[in-house]
Amino acid sequence: MNAIKNKVQLIGNLGQDPEIVNLENGSKLAKFSIATSESYKNAQGEKVEETQWHNIVAWGKIAEIVENFLAKGKQVAVEGKLIHRSYETKEGDKRYITEIKCNELLMLGK
């Protein structure tokens, strides 16, 4: 059961081209966001579509795959874990962010 304590699986489309960061130690980081959508009918019987955006980070070999093969609009399946972190802006404001650290990536569609 330990393997499913912090596990996320999503299928969605990239909202923009990935951001690739080459670190000084030679490792590679890819950052991108995907949109997941679901629809339902509200009380008035109208179809409502709800979209959620998810921040994804990928390291190493997965980051290389992201760099070489993914672009805005591509559909992917992502498996990973939730990471909550904070950082400070240049102005000194504290910001909080939730990301998904990608452990597996599957390219879908064409």
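# Strand pairing, core and salt bridges

A search of the whole structure finds 3 salt bridges. The model is a predicted one. One of the salt bridges joins Lys7 to Glu79, another joins Glu67 to Lys28, and Glu99 and Arg85 also form one.

**Salt bridges**

- Between Lys7 and Glu79, the closest N and O atoms are 3.9 Å apart.
- Lys7 belongs to the segment before E1 and Glu79 to strand E5, so this pair ties together parts that lie 72 residues apart in sequence.
- Lys7 counts as partly exposed because its relative accessibility is 41%, a value between the limits of 20% and 50%.
- Glu67 and Lys28 bring their closest N and O atoms to 2.7 Å.
- Glu67, with 34% relative accessibility, counts as partly exposed, whereas Lys28, with 16%, counts as buried.
- In the salt bridge of Glu99 with Arg85, the distance from N to O is 2.9 Å.
- Here strand E6 provides Glu99 and strand E5 provides Arg85, so parts 14 residues apart in sequence are tied together.
- Glu99 counts as buried at 8% relative accessibility, while Arg85 is partly exposed, its relative accessible area being 35%.

- Strand E1 (residues 8–14) runs antiparallel to strand E3 (residues 28–41), and 2 bridges join them.
- Within this pairing, Asn13 is opposite Ala35 of E3.
- Strand E2 (residues 19–22) is also antiparallel to E3, with 4 bridges between the two.
- Glu19 has Lys31 of E3 opposite to it.
- E2 and E3 make a hairpin with 5 residues between the strands, and Gly26 in its turn has a positive phi of about 95 degrees.
- The antiparallel pairing of E3 with E4 extends over 13 bridges.
- Glu38 lies opposite Glu50 of E4.
- A hairpin is formed by E3 and E4 as well, with 5 residues between them; Gly45 in the turn has a positive phi of about 85 degrees.

- Strand E4 (residues 47–59) and strand E6 (residues 94–108) run parallel and are joined by 3 bridges.
- Val57 is found opposite Lys101 of E6.
- Strand E5 (residues 75–88) pairs with E6 in the antiparallel sense over 14 bridges.
- Glu88 has Lys94 in E6 as its bridge partner.
- E5 and E6 form a hairpin in which 5 residues separate the strands, and the turn residue Gly92 has a positive phi of about 90 degrees.

**Nonpolar core**

- The largest nonpolar core contains 16 residues, and those with the most contacts inside it are Phe32, Ile34, Ile56, Val66 and Val78.
- At least two residues of this core come from each of E1, E3, E4, helix H1 (60–69), E5 and E6.
- Leaving aside residues up to four places away in sequence, Val78 touches Val8, Gln9, Leu10, Ile34, Ile56, Ile100, Cys102, Glu104 and Leu105.
- Among these contacts of Val78 are Ile34 and Ile56, which, like Val78 itself, are listed with the most contacts inside the core.

Notes:
Residues are numbered from 1 along each chain as its sequence is written. This is a predicted model: local features need pLDDT of at least 70, side-chain atom pairs count only at pLDDT 80 or more; totals for chains, interfaces and linings use all residues. Side-chain values use heavy atoms; hydrogens and water are left out. Two strands pair if DSSP finds at least two bridges between them. A nonpolar core is a set of buried Ala, Val, Leu, Ile, Met, Phe, Trp, Tyr and Cys residues joined through side-chain atoms within 4.5 Å. Buried means under 20% relative accessible area, exposed over 50%, partly exposed in between (1.4 Å probe, protein chains only). Contact means heavy atoms within 4.5 Å. A salt bridge is a side-chain nitrogen of Lys or Arg within 4 Å of a carboxyl oxygen of Asp or Glu.
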